Amino acid sequence: MIDIDRAASQTANLIGENLRKRRKTVFPDDTQAQMAARLGIGVATYGRMERGDMAVSLKHFLVAAEILNCTRQASELFTQGDSHQDGLIEKLLKDNHDNP
């Protein structure tokens with residue numbers, strides 16, 4: 001049987017690590033403070049995101065994915081592979097961006 005708490009913790013840590021790596025790839029000179037400003041959130045909140053704190057709103061992770069141009073990868077977490085679901089997250093992010 002899978003240890004859900006352990007799996008969730010490992011996944012959260014991986015998400016945070018991938019977020020940090022992506023930030024350093026896309027914006028190599030950005031600090032956490034600069035990325036937080038891009039997201040419109042506090043530095044402490046962004047730091048928690050990079051540490052994989054899943055208590056942070058999912059919205060912040062999705063906006064970060066959009067800013068870091070990795071919404072396609074993020075959307076794969078929320079789809080079942082059905083063709084009608086392809087691009088759902090990208091569409092939601094675009095709609096949110098166009099109609100704040």
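Student: Where does Asp-30 lie?

Tutor: Asp-30 sits in the loop between helix H1 (4-26) and helix H2 (32-39). Keep in mind that this is a predicted model.

Student: Is Asp-30 buried or exposed?

Tutor: The cut-off for buried is under 20% relative accessible area. Asp-30 has 13% relative accessibility, so it counts as buried.

Student: Which residues does Asp-30 touch?

Tutor: Set aside residues up to four places away in sequence. Asp-30 then touches Arg-23, Met-35 and Arg-38. With Arg-38 there is also a polar contact: 2.6 Å joins the two side chains, Asp-30 and Arg-38.

Student: Let me step back. How many helices and strands does the protein chain have?

Tutor: The chain has six helices and zero strands. Read from the N terminus, the elements run α-α-α-α-α-α.

Student: What share of the 100 residues is buried?

Tutor: Buried residues make up 29% of them. The accessible surface of the chain comes to about 6,800 Å². Carbon and sulfur atoms account for 53% of that surface.

Student: What about contacts across the sequence?

Tutor: Take contacts between residues at least 6 apart in sequence. Of these, 45% join residues at least 24 apart.

Student: How do I read one face of a helix?

Tutor: Start with the general idea. An α-helix has 3.6 residues a turn, so residues three or four places apart point the same way. Now take H3. Its buried residues are Tyr-46, Gly-47, Met-49 and Glu-50. Seen down the axis of H3, the buried residues fall within an arc of 155°, so they line one face of the helix.

Student: What covers the buried residues of H3?

Tutor: The cover includes H1, H2 and H4.

Student: How far apart are Thr-45 and His-60 in sequence and in space?

Tutor: They are 15 residues apart in sequence. In space they are 9.2 Å apart, C-alpha to C-alpha.

Student: How should I think about a nonpolar core?

Tutor: In soluble globular proteins, nonpolar side chains tend to be buried together. Here the largest nonpolar core has 15 residues. Leu-19, Met-35, Leu-39, Tyr-46 and Met-49 touch the most other members. H2, H3 and H4 each supply at least two residues of this core. H4 gives the most, with four residues.

Student: Which residues is Met-49 in contact with?

Tutor: Leave aside neighbours within four places in sequence. Met-49 is then in contact with Gly-16, Leu-19, Leu-39, Ile-41, Val-56, His-60, Phe-61 and Ala-64. His-60 and Val-56 are also touched by Thr-45.

Student: What does a positive phi tell me?

Tutor: Most residues other than glycine have a negative phi. Asn-69 is not a glycine, yet has a positive phi of about 55°.

Student: Where is Asn-69, and is Asn-69 buried or exposed?

Tutor: Asn-69 is in the loop between helix H4 (58-67) and helix H5 (71-75). The cut-off for exposed is over 50%. Asn-69 has 62% relative accessibility, so it counts as exposed.

Student: Which residue with a positive phi follows H3?

Tutor: That is Gly-52, with a phi near 80°.

Key
Residues numbered from 1 in each chain as written. Predicted model: local features only at pLDDT ≥ 70, side-chain atom pairs only at ≥ 80, totals over all residues. Heavy atoms only, no water. Buried < 20%, exposed > 50% of the residue type's maximum accessible area, 1.4 Å probe, protein only. Contact = heavy atoms within 4.5 Å. Polar contact = N/O pair within 3.5 Å; in protein donor to acceptor, adjacent residues only side chain to side chain. Arc of directions from axis to C-beta. Core = buried A, V, L, I, M, F, W, Y, C linked by side-chain atoms within 4.5 Å. Areas by Shrake-Rupley, 256 points an atom, 1.4 Å probe, with all protein chains shown as cover.
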